[in-house]
Every structure is written in structure tokens, then in C-alpha cells.
Amino acid sequence: MHLDIACIPGDGIGPEIVEQAKKVLNAVLAKYGHTIEYTDTLMGGCSIDAYGVPLTEETLELCRSKNAVLMGSIGGDAKVSPWYKLEPSRRPEAGLLALRKGLGLYANLRPAYLFKELADSCPLAGKDGGRNFDLVIVRELTGGLYFGERYTKEIDGVMTAVDTLSYNENEIRRVAKTAFEIAMKRGKKLTSVDKANVLDTSRLWRKIVHEVGEEYPEVELSDMLVDNCAMQLVKDPEQFDVIVTENMFGDILSDEASMITGSIGMLSSASLNESSFGLYEPSHGSAPDIAGKGIANPIATVLSAAMMLRYSFGLNEEADDIENAVKKTLADGYRSADLMPADPEKAAGMIGAGCAEMGDAIAARL
Ligand code: NAD
């Protein structure tokens, strides 16, 4: 197969971590007899510096013309970077929102997987046999409160702010379908999260998700209220396989779920549209505090590249190969600075590795 993708290294540690993801992709694709072409483009702060805007029409068009986009991260340190003196609509993050919208990426997937080798980083209290969870949150990304009408005005002498939460059945149906498809490829268990005891949008959400569920009799579907889900994620994350929820609930729950793995440098993400097109990026930001030092952990980006092979190209064996190579690298004791245990006794047996060394170690284990 020939893979033709756009690549947005971005700002801060973005170029360093994307370079390692390309290294691993090149190695796995060569092993299986595939070829890949990357077309690099600018987005975020580097695009502001070059063109005065965080996302140009040309970059958007380029991304649309490819099968997938692999991204590093964008943005800078808001306290010192001149990018943050600009109007909010011209800042780096506005480019990412416009790109997601322009590409119609309505489903955001964030896995939260606890690597056995990093179990000590999990902030949750232990369980008999140790913690062991592997879940994915599917978040609706282009509807709901973040995209509804909003205004602030004085009404009868009182300042009033209004944000509108609306969903139509089509928006719910398509993301529900995506979530059921993902559940079919995993543990066939789907938890739909809403606030149906209060919100009309949630009652419609629940009704439509159950309608879609009739097409997937093999998937065990259950509903959970969002406040309960927030508790269950820290109490018993092992109970979840796939969670599907609306935009704002998903924003909050996916950050909560990622934090219980205890390691921000490990978390991949994918944003998908109705076809197999996707934008793949780590969940973390551009880490300006460590940019250019060669110490960033590239694993989240490498795992995002594996998600790209799985979801945009159907290359499951190749994706499994990357994930296993990451596990072997950790099992062999390689640790980037963020993964190094604070306890000197535990750190003693580990191999300290910079960004490029981690990439080399993963590629060598394919
Ligand atoms: P951040 O995720 O960049 O960094 C938080 C902390 O985690 C920092 O100490 C950083 O050094 C560390 N860290 C993050 N990724 C790491 C990695 N791969 N390896 C080792 N350590 C890592 O969050 P922040 O500092 O709040 O944001 C910095 C910039 O990134 C801001 O401009 C923000 O808007 C942007 N941002 C971009 C995205 C994106 O591109 N999708 C996402 C979140 C934040």
C-alpha cells in the first residue's frame, strides 16, 4: 500500500516528536512492504511567523487532499510568546480549531491505557492484582456547547451570559455509529454518558444512541450519568471499554481518564470524520519548557501514528507491531525523563533516553 499523508510538526517539541514518529512509521512500513510520502506543512505559531495567520487556506486544502494528517503539537508559552498578544482568533490554538472544523472531524478518540511497566505512575490506589485498565473515550467534537450561539449582554440592568447547547439527531447518530464500530473492534462494551435526568439534549442523545445500538446487537450498551462517570473513572476504570459522550462532557472526562495513566507523554489521540480520514496527534501540548532540549517523550506521537495505520489505513497488524515495540522498549527499561521514577532505587535499573534514543529503541524493536 502507498500512504500519502500531510504532516504538521508544529511548534515547541512538535518537530522533535514527529521526527521520531516518522522514524518508527518508516521502519514498520518498510518491514511490511508499504511506502509512505509525507508532505510537511505549517500550522500554529510557526504559521503565524511565516504567514501572519495560524492556518492558511493552502494548509487546509493540502490536508483535505491527503488520506490522513499526522501532527506534533502547536502553541507556545502564553506568558512570553508574542503569539498570545494577538486577538484570540489569530492565536495558534485557533488554527487547530479551524483545521478540525474545516476537515469535519466530529469524533475524537482518546485511549487511556495503563502500561504495566508504568503502573507505578498511576495515581489511583492499588487493587488486588494491580491496576490494569484499557479504555477509549469517543468525544463528539463539532457540536454542543462549544459551537452553539453565545453572547454576553445586559438584560434589565444585569449582565447576562448565554451559551447554547444543541444537538440534532444526525450529529448524535454519526458519532454513536463511530463508537459502536470501535467497540466492535475492541471489547464490545459501550457506555454512553449523558445527563439525561436534566438535559433535553441528553434525552435525545440517549434515544438515538439506543436506536443505533439496535444495529449492533453484539455490543453491550449501557448508559451512565456524567457525574457518576467522573467518579467511576477514578474508582474503577477497569469497568470501561469504550465511552461515548458529547463535546463538553468528553473534554473533561478524557482529560480525567488520561491523567489516571499518570504519564502525559504516553497519550495518543485521533480525530475522525465520516470517511476513514483522520487527524492524529498526541494529547499533550508543545511543552515549550523542554523544547529543543532533545528530552521530550515521543511515545504519544508514535502511538498516534499507530492509530493512523489502524483507523485510516486498516493496517492493524502494523499498528499492533508499533504498540508491541513500545511495550518492549519500556519492558527493556528505556525511560525518557518524564517516565523516570523519582525513587532512585527504582530508577537505578532504567536506561535514560532522550527523544531520538526513544525513537531508535522503538524502531529497533519492530
Ligand atoms: P503541555 O502539555 O505542553 O505541557 C505540560 C507539561 O507536560 C510540561 O511540563 C511539559 O514539559 C510536559 N510534557 C508535555 N508533553 C511532554 C512530552 N512529550 N514529554 C515530556 N514532557 C512533556 O501543556 P501546556 O504547558 O499547558 O501548554 C503548552 C502549549 O501547548 C500551550 O500553547 C497550549 O495551548 C498548547 N497545547 C497544544 C495542544 C495541541 O497542539 N493539541 C494541546 C494542549 C496544549
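Which residues does K189 touch, not counting residues up to four places away in sequence?

Modeller: This is a predicted model. Leaving out residues up to four places away in sequence, K189 touches A183, V219, E220, Q239, D241 and V242. K189 itself lies in strand 8, which covers residues 189-194. K189 is partly exposed, because its relative accessible area is 27%, and partly exposed stands for values between the 20% limit for buried and the 50% limit for exposed. A further pair can be given as a distance: the C-alpha atoms of K189 and S222 are 8.2 Å apart in space, while the two residues are 33 residues apart in sequence.

Now the whole protein. Strand 8 belongs to a protein with 12 helices and 14 strands. Of the contacts with a separation of 6 or more, 75% are between residues 24 or more positions apart. The radius of gyration is 21 Å, which agrees with the value near 21 Å for a compact globule of 366 residues. Along the principal axes, the C-alpha atoms fill a box of roughly 65 × 55 × 45 Å. Buried residues make up 52% of the 366 residues. The accessible surface comes to about 16,000 Å², and carbon and sulfur atoms hold 52% of that surface. As for charge, the protein has 37 positive and 55 negative charges, and their mean positions are 1 Å apart.

How values were computed. Residues numbered from 1 in each chain as written. Predicted model: local features only at pLDDT ≥ 70, side-chain atom pairs only at ≥ 80, totals over all residues. Heavy atoms only, no water. Helix = DSSP H or I, 4+ residues; strand = E, 2+ residues; numbered from the N terminus. Rg over C-alpha atoms; globule rule 2.2 N^0.38 Å. Buried < 20%, exposed > 50% of the residue type's maximum accessible area, 1.4 Å probe, protein only. Contact = heavy atoms within 4.5 Å. Areas by Shrake-Rupley, 256 points an atom, 1.4 Å probe, with all protein chains shown as cover. Lys, Arg positive; Asp, Glu negative; His and termini not counted. Charge placed at Lys NZ, Arg CZ, Asp CG, Glu CD.
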